[in-house]
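Subject: Structure handover

Hello,

Here is the structure you asked for. My notes follow below it.

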Amino acid sequence: MSAVLEEILSGGVRLAAPLLLASAGELVSERAGVLNLSVEGMMLTGAFAGAAGAMVTGSAVAGVACALVAGLLVALIQAILSVTLRADQIVTGITANALALGATTYGARLLFTDGSSLEGFAALPIPVLSEIPLIGPALFEQTALGYLAFAVAAALAFGLSRRFTWGLAIDAVGEDTLTADRCGLPVRLIRYAAVLLTGATAGLAGADLALAEVHAFSDNITGGVGYLAVVAVIAGRWRAWPTVLACLFFGVAQALQFAAPAVGLHVPAPLLVTIPYVIALLAVSGLVGRSRAPSGLTVPFARTA
Amino acid sequence: MIAAVRHPVFVGAVAAIVAACAGLLLAAGAGTSPAVAVDALVEGMTGTPYAIGSSLNTAAVLALIAAGFTVAYRAGLVNVGGEGQLCVGGVTGAAAGLALPQGVPGWIGVPVVLIAGFAGGAAWASIAGLLKAKRGTSEVITTLLLNFVGAGVLALAVHEEALLRQPVTSAETLPQSAPLPPGARLPLIGSIESPATLIVVLAVAAALIVALVLRHTPTGLRLTAVGHSPAASARLGLGVARLEVGGLAVAGGLAGAAGACLVATAPYVLAEHFSSGYGFTGLVVGLLARGSLTAVLAIALLFGLLTNGGINLQLAAGVPAASVQVVQSLLVLLIAASMIWTRKGAR
């Protein structure tokens, strides 16, 4: 039994790593008032670029760099559209995802034809700590990207919290752009920075999917993980630590899907897949705890309103 | 002159030309000459009665969803949940259709399936409507989340024999429902070689009715008032909560009816991914049309043509169908980006 539990926990943490990365950025962007549905597209493009980079250069680290740049590029498009051109954030987000899906599928037809495995990251167990029963393999036997995911999520959760000026500025912009502007905050700059930050973390998350999990790119490899990152932010009620918890929980729920048949448990997979969305729905509707979205979420900023 | 340049149709045309050029580049990248690619695309759009029929069917699904979106939009609500409502409508429509006896006549079967689909979608959207009215929860977020839950409901329905899955006789039995009885299938219209069904008529009728109701009835005026200012409407004694829930329910109902229509079209089964993401595309059509039902029909038709042209592009010219997805999304992004200019022109 404990072996199965260990399996579920370590699988859950592994699946949670890309979610953590993506939602750490997404949280900042939503706090600044930009609903980045395109985080799915950023991840997908990141996964594609990561795989392509690793294939061309033969180095996984170079692949990660490519993924980072690709995520930033998609984020730049999203930022120009939703901040400078004040286009509808939902339309641009969903469409950017469709664009990323189309472009990467097209690119995969031309690039990845032989289906060979790529240079990737292997697990790096930490000597003593990974021997701890139950949580050892889950927390201390990850790939370099996995450790990075936790480090980045923790750094963002702490560094951009309201303890610091930056965190306050982000929240101010997300609540009321006009007031923030009157206080002298660079509203557009902050929103650009927040969206680009999401691009960076989502690109890394994509690289994690392609280079740490499977060492290959397949069409639509993200398959909704990006949307799940948005959902984790909603379920975390736009607060950092609850979002981290939500990511971990979602990861475990996914791992359960693979582990349940092994213990002879018949839980229909669709039920497990749906759990995160139901939890987010309950959280956002205030049925469990209080929840309030940033009031400027999806509201574009124009000085002459 | 400036006004003409800012006209939405002009801007749309420029966006279409840019997107088309990108498409030709993609075709060239896959080793297909522009002439061959364009031929295949046009062939797939309107080349044969079959192509015209399936383009119209796709356009009708999108138009139904977008027409519903417009109703909720008038009340100031953004319904992002078309995809989930489509899925749930498909499930309830299929459930009703499968409950009918094999020999059911068409004049009973088809309305039953459509009404069941409408009811399913409307109920699904009402969850978001009630949360908005009672607790003030943003409908953007709840409808977005309900999409995924709706997809889960669909997956559950087609995977469990206790629900809608066809009896499993071997390991090859697909996770889908049994076919609907003949009387519950949408009748074909027009030429015998064309797959166009009654949904085309339904979509045009729905757009007409929505346009009339929004423009010429007290209900339309009330919805518009709520859209402009819920607080002022409440002070005037309008039932704001009722109008909001109702607006979202109609939006969900039309998306659900579209889902039921998809199930009642060949191959007449409910399967996972039967929605092909039309719920999201329909949302984009609705947002781009900005409240105009004429624009809803025109944009839906364009998207229907492009989708089917893209399928043929892959079959006939060997260009990945993904390139049409790229062209289509580029087109939408360009139009969304240019709205800042067309909006200024309108003022």
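Which residue lies over the face of Tyr268(B)? Arg185(B) does, at 4.2 Å from the ring centre. Please keep in mind that this is a predicted model.

Interface

Chain B and chain A bury about 3,400 Å² between them, and 83% of that area is on carbon and sulfur atoms. The contact draws on 40 residues of chain B and 42 residues of chain A. On the side of chain B, Leu145(B), Phe148(B) and Leu333(B) together supply 18% of the area buried against chain A, more than any other three residues.

The count of salt bridges between the two chains is 0. Polar contacts come to 4 residue pairs across the interface, with both residues at pLDDT 80 or more. On chain B, the elements giving two or more residues to the side that touches chain A are α2 (8-29), α6, α7, α12 (278-289) and α14 (322-346). Of these, α14(B) gives the largest share, 13 residues.

Aromatic pairs

Over all chains there are 6 aromatic pairs. One of them is Tyr227(A) with Phe148(B): the ring centres are 5.6 Å apart and the planes stand at 50 degrees, so the pair is tilted. Tyr227(A) sits in helix α10 (residues 225-235) of chain A and Phe148(B) in helix α7 (residues 139-159) of chain B, so this pair joins two chains. Both residues count as buried, Tyr227(A) at 11% relative accessibility and Phe148(B) at 17%.

Another pair, Phe69(B) and Tyr73(B), is stacked, with 5.2 Å from centre to centre and 25 degrees between the planes. These two residues are 4 apart in helix α4 (residues 49-74) of chain B, so about one helical turn separates them.

A residue in α6

Is Ser126(B) buried or exposed? Its relative accessible area is 18%, and the cut-off for buried is under 20%, so Ser126(B) is buried. Ser126(B) is placed in helix α6 (residues 106-135) of chain B. Leaving aside residues up to four places away in sequence, Ser126(B) touches Val245(B) and Ala249(B).

Regards

Methods. Residues numbered from 1 in each chain as written. Chains lettered and ligands numbered in written order. Predicted model: local features only at pLDDT ≥ 70, side-chain atom pairs only at ≥ 80, totals over all residues. Heavy atoms only, no water. Buried < 20%, exposed > 50% of the residue type's maximum accessible area, 1.4 Å probe, protein only. Contact = heavy atoms within 4.5 Å. Phe/Tyr/Trp six-rings, centres within 6.5 Å; stacked < 30°, edge-to-face > 60°. Lys NZ or Arg CZ within 6 Å of the ring centre and 35° of its normal. Buried area = accessible area lost by both parts, 1.4 Å probe. Salt bridge = Lys/Arg side-chain N within 4 Å of Asp/Glu carboxyl O. Polar contact = N/O pair within 3.5 Å; in protein donor to acceptor, adjacent residues only side chain to side chain.
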